[in-house]
Amino acid sequence: MKNKEIFTLNPDDNNLINDGVVEINTAKDEQGFKIIRHELKTFVCEGEYQRGIVRMLDSYLKHINEPKQPAAWVSGFFGSGKSHLVKILSYLWEDLELPNGETARKIKQLPQDVNDLLVELDRKQRVYGKLSVTGTLKDFPSNDIRYSFLQLFLKSLGLPS
């Protein structure tokens with residue numbers, strides 16, 4: 001038996017098409033969607049990633065009727081996968097649809113606890129409305145961070161930034 005035979009995905013057939021570097025704003029062109037699909041397919045939702053997603057979704061859902069929503073802080077050392085976790089969670093949260101009709105949650109099999117929370121999220125968002133904002137402030141450079149955030153927020157609503 002060879003080492004590569006013990007992996008779920010054969011390393012010879014599964015190159016890192018994103019060069020192992022996660023960018024929050026992957027372009028929404030053919031190559032960008034190819035990277036998104038690859039990142040979803042290879043995401044390992046176990047251990048701290050799984051616990052982190054569960055904590056964030058559970059906290060959001062518990063406070064959905066409250067006037068204040070606690071923030072989530074993702075911390076870790078350089079290269080630990082913070083950006084990757086946030087990026088994948090954003091795709092799962094909105095159940096991003098790729099041009100071929102696949103959705104993030106169909107591409108990635110998730111643990112039951114995470115899947116249950118995403119189903120509940122969909123149910124709650126049908127009742128309360130759906131609003132999620134993803135992106136980076138570097139796409140809206142300004143000396144005033146509030147102005148950059150406002151531009152990001154408006155763009156997410158489909159309004160002129």
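These are my notebook entries on one predicted protein model.

**Ground rules.** I number residues from 1 along each chain as its sequence is written, and I work with heavy atoms for side-chain values, leaving out hydrogens and water. Since the model is predicted, local features need pLDDT of at least 70 and side-chain atom pairs count only at pLDDT 80 or more, while totals for chains, interfaces and linings use all residues.

**Whole chain.** I looked up the secondary structure and found six helices and zero strands in the protein chain, where helices (H or I, at least four residues) and strands (E, at least two) are DSSP runs numbered from the N terminus. Buried residues, meaning those under 20% relative accessible area with a 1.4 Å probe and protein chains only, make up 30% of the 161 residues. I noted an accessible surface of about 11,100 Å², of which 53% belongs to carbon and sulfur atoms; such areas come from the Shrake-Rupley method with a 1.4 Å probe, and for residues only the protein chains shown count as cover.

**Helix 1.** I checked the length of helix 1 (residues 30-42): its 13 residues should span 18 Å at 1.5 Å a residue, and its end C-alpha atoms are 18 Å apart, which agrees. The expected span is 1.5 Å times one less than the number of residues. I then listed its buried residues, which are Gly-32, Phe-33, Ile-35, Ile-36, His-38, Glu-39 and Leu-40. These buried residues pack against helix 3 (82-94) and helix 4 (104-107), with contact meaning heavy atoms within 4.5 Å.

**Arg-105.** I moved on to helix 4, where Arg-105 has its place. Is Arg-105 buried or exposed? Arg-105 counts as buried because its relative accessibility is 14%. Its side chain reaches the backbone oxygen of Leu-92 at 2.8 Å and the backbone oxygen of Trp-93 at 3.1 Å. Not counting residues up to four places away in sequence, I found that Arg-105 touches Leu-92, Trp-93, Asp-95, Leu-118 and Asp-122.

**Ile-145.** My last entry concerns helix 6 (residues 145-156), which holds Ile-145. Ile-145 is exposed, with a relative accessible area of 57%, exposed being over 50%. Together with Leu-137 and Phe-149, Ile-145 makes a nonpolar surface patch of about 280 Å². Patch residues have over 30% relative accessible area and no salt bridge, and nonpolar side chains (Val, Leu, Ile, Met, Phe, Trp, Tyr) are joined within 5 Å; a salt bridge is a side-chain nitrogen of Lys or Arg within 4 Å of a carboxyl oxygen of Asp or Glu.

Conventions. Patch = residues over 30% accessible without salt bridge, like charges linked within 9 Å, V, L, I, M, F, W, Y side chains within 5 Å. Polar contact = N/O pair within 3.5 Å; in protein donor to acceptor, adjacent residues only side chain to side chain.
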